[in-house]
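Let's take a friendly walk through a protein model, one region at a time. Keep the 3D view open while you read.

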Amino acid sequence: MDFLSLTIFLPLVGALLMLALRKEADKAAKMVALATSTLTFAASLVLFFGFDRAKGAYATGLADLLQFEVNKPWIETLNIHYHIGLDGISLLLVMLTTFITPLCIWGSFKSIKQGVKGYYLAFLILETGILGVFAAMDLVLFYVFWEAMLIPMYLLIGVWGGPNRVYAAVKFILYTMVGSLLMLVGILWLYFNAVPGEHTFDLVRIFQLGQIPVEAQAYLFGAFALAFAIKVPMFPFHTWLPDAHVEAPTAGSIILAGVLLKMGTYGFVRFCLPLFPSAAHDYAGLMMLLAVIGIIYGALVSMMQTDMKKLVAYSSVSHLGFVMLGLFAFNMQGMQGGTIQMINHGLSTGALFFLVGVIYERRHTRMIADYGGIAKIMPKYATIFMIVALSSIGLPGLNGFIGEFLVLVGAFKTSPTYAIFAASGVVFAAVYLLWMYQRVFFGEITHDANKKLTDLTTAEKVILVSILVFIVWIGVYPSTFLSISENSVAMVLTRLGG
Amino acid sequence: MSPVTGQNLAQFTPELALAGGLLVLLIVDLIVRKNRGVIAAALGGILLVALVFISLAGNEKIGEYLFGAVVQDGMTLFFRVFFAAATLVSIGIMASTFKGEGEPFILVLSSVIGMFLLAGSNDLITLFVAIEMVSIPSYVLAGYRRKDPRSAEAALKYVLYGAFSSGLMLYGFSLLYGLTGETGLPEIAEGLIRNASGSPAHLVGIVLILAGVGYKIAMVPMHFWCPDVYEGSPTSITAYFSVLPKAAGFAALFRIVPIIASLKPVYGISAVGLITLVSALTMTFGNLGAIWQDSVKRLLAYSSIAHAGYILMGFAVIVALPAGELHNLAYTAVLFYLVVYLFMNLGAFMVVDLVERRLGGDSIGYFKGLGKHNPLPALALAVFLFSLAGLPPLAGFIGKFFLFAALVKAQMWALAIIGIANAVVSLFYYVRIIRDMFLYDPDVVPVEQDEGGFKLGTLTSVLLLVTVVPTLLLGVYWGPLAEWIKLRLM
């Protein structure tokens, strides 16, 4: 049975089912959404356990690495195929997506009161779009999924977001669109010219037979990298991110930070590095510089924030800088670190956004100054917040450490200067997170309204603890996950010639 | 060349059927008193459905007829089917506005005779007569609401600009005739290649013809009439204007491709350069103009100018490479885009018409909160607008995809980049409408409406389906249509 297609399209089926519901059937809509996303997770577990980690050792292209491959003609006129498959990197990201989505949906049950049905409808369509991006092995299919998730995300921010949501939603869609259209030109160029004597959008074939001239690589790298850099977002293309994050509803922020941004970094590993290796080498210096600027800039700006959600949003810029630094280190440690850091960031930052959402729902403010001494009133909340914050900082034993350590080791091999500057980002992260923690949780209770706060509900506990399980798992025994992506990363490195 | 015979006349079955049907309609319109519009629309609809089949049946009779004045080929067939189908949807939209009046339908159908003739015209004279046959009923349609000053103004502008551009085009025709001594389009192209190609007169002739045909498709700088006429005309007629006469202009343009392509650079101006320039100007002007509009009708008018510019991008490739695989790819791209444009643009205008009739206006304020009190029409309009913006997985994306594919293959990078910049700009104003519909609360709340929105009626519901479904479907499964178009070009 084709579990990959099932995983991708199950949420869409759920969304269609939801259309059949009556407009006011809020409860049914919630149940359908939670049930489909949980079933999707179950289907993806089949992929996870069925994945053969040993497959594709010493591979030089995608052909040997892909598992659960499906390849059917879609539009024969242009030689477009419905071609999907997973390698180690995409499997990890698919798992992250299917894991986070049901938690987001469950977490939204109380906070979303208006237009309930539409909200979950958009969320499920979004999930299909994201999963499709990670699994697509045909460039047109990839592009369609890549753009198709724009509309539901636009609606999630624009309809269910905060006070300045409209501005944020429009900014989000325009920024991403600018990047993607140039990528479309790049895709078309590949179609006509990548494989001699053949017109193909098939990524596997382009990996195998593609001969892309060195002079063209620079342009292609640019066209693809811009789309991905905006999505990541790399400094200086990051300005849409804080707006989108701050205005999006909690679950929207989680999916945005946790998964959507990974589409950008995934794009770099999947397209920019292995397809245009010579250009990647030429641009590596610049990309590492931008990554380090992003790490430090993001951290410094986080430090100055008075709004908790904004703080977490800017910390994403910093963390994604680590991912990019690792990827462009062009060695095993750096790239593996970058890959695992994608997952780490999805878990830790997702959890942080969720935690900020929890207190926002109770007090309707996210200002740090409105809190203080919360630890006495919400001890469980405070404990979990501490663990998540420490994981984000990179405390040994938790997931963040593994990712950042590997990235820094990898970067040090290539460029000690950048590694030293990047390491300061870890220090800054400790400063802004712990300082925020101190102001929110310790000290005297200065606001009377805070005295009536209630601690975590059962649902919230289940959601947070299930994320914590993975935070600790990756921190203690990362091999479970590193071994999945190892062969894929090795393939990218082989193609980079190192 | 073959003489006029019975067998030859059989080539004109669609035109003859139309003319006959029109006579019947005129008589019926004189006899009946009530519901004249509904009856005219129904009869016209039946006629058009028959025409689609008659046109499709004409597939085998490829060749030149009437001393070479008319040609029957895949292009003729494509445009006949296109015109019949698009008119069918258009009169459906008009039927809601003109329940008691038969004249608008008769005018539209008589315009369609001109379009059918245009689809097969192979001669300067046929071409000119056909274009005028399309135009003249359109002038009357624009001014159909005589007592509305805006409608009268629209008609006057349309006529004046139309007469001016017809004059320019005729002058261009006379230059080409003077250069070659021929009126048949293929003969002129041959003659031009043989002796006069590269002369200034050749260039001037082509520029003048482009101006004349460019007027029909609202190509910059012959577009000034377009926003005013579209705004002043009754909305359901604007819907028709935005698709049919425009497509007719493109049909004419395709017939003169060999003539344009025969131009060798004069004073450094080449045919491709010329088309590239007007294409870039047309889409840029259309998109920049649309940003500032408050009336959604006017906004869509500018957007339709921009879309003409997109189609001209494909036309630039066609002119650049007069034969071969890429030539066919570009042709497929352009024709495919026209089909997609038909559905999404007619659909968009239909929803605007609906809102205007129910809420009383078409300025963007009337669309605020539409998604809240009328989710279905709002959703449909969102689909059309996202498709016009070219977002996957909608048909508009595939249309642009084909066009950009042709440009990239032809390595016309500058135009491709300009096209992309334009697509981004266009997203801005389309999203603005969607934002107002779904993210804002309504300014104007409909006085009378049923639970869950306007009562749509069977016809409107069917028409919405007929336009929404292809806009969605062609975005994910466009193979058969692309294949069908490709076969017509063989």
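This is a predicted model: local features need pLDDT of at least 70, side-chain atom pairs count only at pLDDT 80 or more; totals for chains, interfaces and linings use all residues.

Now find helix H4 (residues 74–97) of chain B and helix H15 (residues 325–359) of chain B: they pack at an angle of about 5 degrees, and their axes are 10 Å apart. That angle falls under the cut-off, so H4(B) and H15(B) are roughly parallel to each other. Which residues make the contact? On the H4(B) side you'll find Met75(B), Phe78(B), Phe79(B), Phe82(B), Ala86(B), Val89(B), Ser90(B), Ile93(B), Ser96(B) and Thr97(B). H15(B) brings Tyr331(B), Leu335(B), Leu338(B), Val339(B), Leu342(B), Leu346(B), Met350(B), Asp353(B) and Arg357(B). Sort the residues of this contact by type and you get 14 nonpolar, 3 polar and 2 charged.

Next up is helix H9 (residues 200–216) of chain B.

Is H9(B) mostly covered or mostly open? Covered: 13 of its 17 residues are buried. After this helix comes Ala218(B), which has a positive phi, near 55 degrees.

## Chain A as a whole

Time to zoom out. Chain A has 20 helices and 2 strands. Its C-alpha atoms fill a box of roughly 75 × 60 × 40 Å, taken along the principal axes. For 498 residues, a compact globule would have a radius of gyration near 23 Å; the value for chain A is 22 Å, so the two agree.

How much of chain A is tucked away? Buried residues account for 66% of its 498 residues. Then take the contacts in chain A between residues at least 6 apart in sequence: 79% of these join residues at least 24 apart.

Start with the peptide bonds. The one from Val232(A) to Pro233(A) is cis, with omega near -15 degrees. You'll find Pro233(A) in the loop between helix H9 (214–231) and helix H10 (240–247) of chain A. Over in chain B, Pro392(B) and Pro393(B) are joined by a cis peptide bond with omega about 0 degrees. Pro393(B) sits in a loop too, between helix H17 (375–389) and helix H18 (395–409) of chain B.

Now for phi. Phe330(A) isn't a glycine, yet its phi is positive, about 60 degrees. This residue is in the loop between helix H13 (308–327) and helix H14 (332–363) of chain A. Is Phe330(A) buried or exposed? Its relative accessible area is 14%, so it counts as buried. Asn35(B) isn't a glycine either, and its phi is positive at about 50 degrees. Asn35(B) lies in the loop between helix H2 (13–31) and H3 of chain B. With 46% relative accessibility, Asn35(B) is partly exposed.

Apart from neighbours within four places in sequence, what does Arg36(B) contact? The list is Asp29(B), Lys99(B), Gly100(B), Glu101(B), Gly102(B) and Glu103(B). Arg36(B) and Ser304(B) are 268 residues apart in sequence and 31 Å apart in space, C-alpha to C-alpha.

Then there are two serines. Ser135(B) belongs to helix H6 (residues 124–142) of chain B, and its relative accessible area of 2% makes it buried. Along the sequence, Ser135(B) and Pro245(B) are 110 residues apart, but in space they are 7.6 Å apart, C-alpha to C-alpha. Ser166(B) is in helix H7 (residues 149–180) of chain B and is buried as well, with a relative accessible area of 11%. Leaving out neighbours within four places in sequence, Ser166(B) is in contact with Phe128(B) and Glu132(B).

How values were computed
Residues are numbered from 1 along each chain as its sequence is written. Chains are lettered from A and ligands numbered from 1 in the order in which they are written. Side-chain values use heavy atoms; hydrogens and water are left out. Axes are lines fitted to C-alpha atoms, for helices over the stretch in contact, and angles run from 0 to 180 degrees between N-to-C directions. Helices (H or I, at least four residues) and strands (E, at least two) are DSSP runs, numbered from the N terminus. Angles under 35 degrees count as roughly parallel, over 145 as roughly antiparallel, 65 to 115 as roughly perpendicular and the rest as oblique. Contact means heavy atoms within 4.5 Å. Ala, Val, Leu, Ile, Met, Phe, Trp, Tyr, Cys and Pro count as nonpolar, Asp, Glu, Lys and Arg as charged, and the others, Gly among them, as polar. Buried means under 20% relative accessible area, exposed over 50%, partly exposed in between (1.4 Å probe, protein chains only). The radius of gyration is taken over C-alpha atoms; the globule rule is 2.2 Å times the number of residues to the power 0.38.
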